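Student: Could we go through this model together? I would like to start with the overall picture and then turn to particulars.

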Amino acid sequence: MIKLKKLTKIYKDKVAVDNLSLEIQPGVVTGFLGPNGAGKSTTMRMILNLTNPTRGEVLIDDERYNNLRHPISKIGALIDANTVNPKLTARQHLQLIATASGISTSRVDEMLQKTGIEKVKDKQIEQFSLGMQQRLGIAAALLGDPETIILDEPFNGLDVDGIKWLRKLTKDLAKKGKAVLISSHLMSEVQAIAERIIVLAQGKLIADMTIEEMSRRSLSMYLRIRSENNLFLKTLLEKSGAHIQSANINTLSVRDVKMEKVGLIAKENNIAIFELTKVQPSLEKLFTELTVGKVDYSSEDNSSKREGVER
Ligand SMILES: Nc1ncnc2c1ncn2[C@@H]1O[C@H](COP(=O)(O)OP(=O)(O)O)[C@@H](O)[C@H]1O
Ligand SMILES: [Mg+2]
């Protein structure tokens with residue numbers, strides 16, 4: 001388990017990561033979301049010990065990265081700054097990493113196959129498309145069969161097949177008990193795979209919850225109703241304390257009332273109901289709301305994380 005404790009990174013006059021405390025759970029795909037510049041890559045780099053925190057720390061199974069005996073079996077990562085010699089072939093690149101870490105050649109071949117780049121394994125990396133480079137990066141990340149896999153914007157450059165492939169791969173890894181942390185600036189990319197979502201904006205944690213919880217808490221959730229007499233039903237619902245979002249001859253959109261209550265009110269007043277639907281907002285919409293700072297969904301015990309940082 002990876003724990004971030006009050007992790008902070010300040011560049012000169014820029015707070016890139018602001019007092020971030022969270023845990024990355026095993027057996028789960030966690031989506032690490034936030035607009036560009038939110039601090040996702042900086043956080044990942046600090047987890048991987050590639051950037052020193054200004055304050056706070058990262059613990060990996062209660063150890064600092066520097067004290068890990070065999071880091072490659074603890075954490076594997078795909079990040080922007082993965083250094084690759086473009087003159088090497090894909091296989092040579094992986095073989096180098098494997099040799100340095102005491103990993104067998106058979107594992108190299110297994111990963112080439114798993115990431116779908118076996119056919120191009122003897123091509124120089126400089127001839128690789130961005131999508132192929134991403135696959136190679138993922139192969140490298142998985143070489144040590146690590147407990148935690150960190151992927152920074154892995155969907156960039158992947159084609160439709162690549163996206164499908166990566167979704168399945170990450171889900172399978174989580175099923176095997178791995179902790180998978182995937183960053184993205186697009187909700188839609190991780191929505192289908194992530195069980196949990198962490199949202200950063202301007203370096204601060206603004207949400208850390210399951211996808212389910214996130215949609216449940218949405219302010220935009222409402223009931224869509226079609227009935228025999230929408231306008232009469234609207235008046236009745238208003239009287240009962242419901243909040244009418246919109247109303248016309250065809251449909252009523254209503255908040256702050258249970259479906260059952262709508263049904264009962266309609267029955268008592270002899271109004272036939274044609275449709276009664278709970279409408280969930282798209283997570284993309286919710287994500288936008290969160291990151292423009294209109295809404296704050298973090299739990300109470302995270303409140304300290306939103307306080308300003310001294311510069
Ligand atoms: N090496 C650096 N020097 C100065 N500022 C940096 C450096 N790395 C990142 N930043 C700044 O920190 C903020 C967070 O960047 P980053 O972690 O890359 O965000 P994200 O990955 O969410 O897009 C940005 O404002 C970025 O300009
Ligand atoms: Mg980034």
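Student: How many helices and strands does the protein have?

Tutor: The protein has 10 helices and 13 strands. Helices (H or I, at least four residues) and strands (E, at least two) are DSSP runs, numbered from the N terminus. This is a predicted model, in which local features need pLDDT of at least 70, side-chain atom pairs count only at pLDDT 80 or more, and totals for chains, interfaces and linings use all residues. Residues are numbered from 1 along each chain as its sequence is written, while chains are lettered from A and ligands numbered from 1 in the order in which they are written.

Student: What box do the C-alpha atoms fill?

Tutor: Taken along the principal axes, the box is roughly 75 × 50 × 30 Å. Of the 311 residues in the protein, 36% are buried. A residue is buried if 20 or more other C-beta atoms lie within 10 Å of its own, exposed if 12 or fewer, and partly exposed in between, with C-beta atoms placed from the backbone.

Student: And what percentage of the contacts join residues at least 24 apart?

Tutor: The value is 68%, taken among contacts between residues at least 6 apart in sequence. Two residues are in contact if their C-beta atoms, placed from the backbone, lie within 7 Å.

Student: On to the ligand. Which residues are around ligand 1?

Tutor: The shell consists of Y11, K14, A16, G34, N36, G37, A38, G39, K40, S41 and T42. A residue is near a molecule or strand if its C-beta atom, placed from the backbone, lies within 6 Å of it.

Student: Which elements each supply at least two residues of that shell?

Tutor: They are β2 (14–24) and α1 (40–47). The largest share, 3 residues, comes from α1.

Student: How does the shell divide by class?

Tutor: It has 3 nonpolar, 6 polar and 2 charged residues. Here Ala, Val, Leu, Ile, Met, Phe, Trp, Tyr, Cys and Pro count as nonpolar, Asp, Glu, Lys and Arg as charged, and the others, Gly among them, as polar.

Student: Is α1 itself mostly covered or mostly open?

Tutor: Helix α1 is mostly covered, with 8 of its 8 residues buried. These are K40, S41, T42, T43, M44, R45, M46 and I47.

Student: What follows α1?

Tutor: N49 follows α1 and has a positive phi, near 65°. N49 is found in the loop between α1 and β4 (55–60). Most residues other than glycine have a negative phi. N49 is partly exposed, because 16 other C-beta atoms lie within 10 Å.

Student: What about the phi of E153?

Tutor: E153 is not a glycine, yet its phi is positive, about 50°. E153 lies in the loop between β6 (148–152) and α5 (160–175). E153 counts as buried because it has 21 C-beta neighbours inside 10 Å.

Student: Now helix packing. How do α2 and α3 cross?

Tutor: Two packed helices are described by the angle between their axes and the distance between the axes. For α2 (residues 90–101) and α3 (residues 105–114), the axes come within 9 Å and cross at roughly 135°. Axes are lines fitted to C-alpha atoms, for helices over the stretch in contact, and angles run from 0 to 180 degrees between N-to-C directions. The two helices are therefore oblique to each other. Angles under 35 degrees count as roughly parallel, over 145 as roughly antiparallel, 65 to 115 as roughly perpendicular and the rest as oblique.

Student: Which residues make that contact?

Tutor: From α2 they are A90, R91, L94, Q95 and A98, and from α3 they are T105, R107, V108, M111 and L112. By class, they divide into 6 nonpolar, 2 polar and 2 charged.

Student: And how do α2 and α4 cross?

Tutor: The axes of α2 and α4 (residues 130–142) come within 10 Å and cross at roughly 25°. That angle is why α2 is roughly parallel to α4. The contact is made by A90, H93, L94 and I97 of α2 with L136, A139 and A140 of α4. Those residues divide into 6 nonpolar, 1 polar and no charged.
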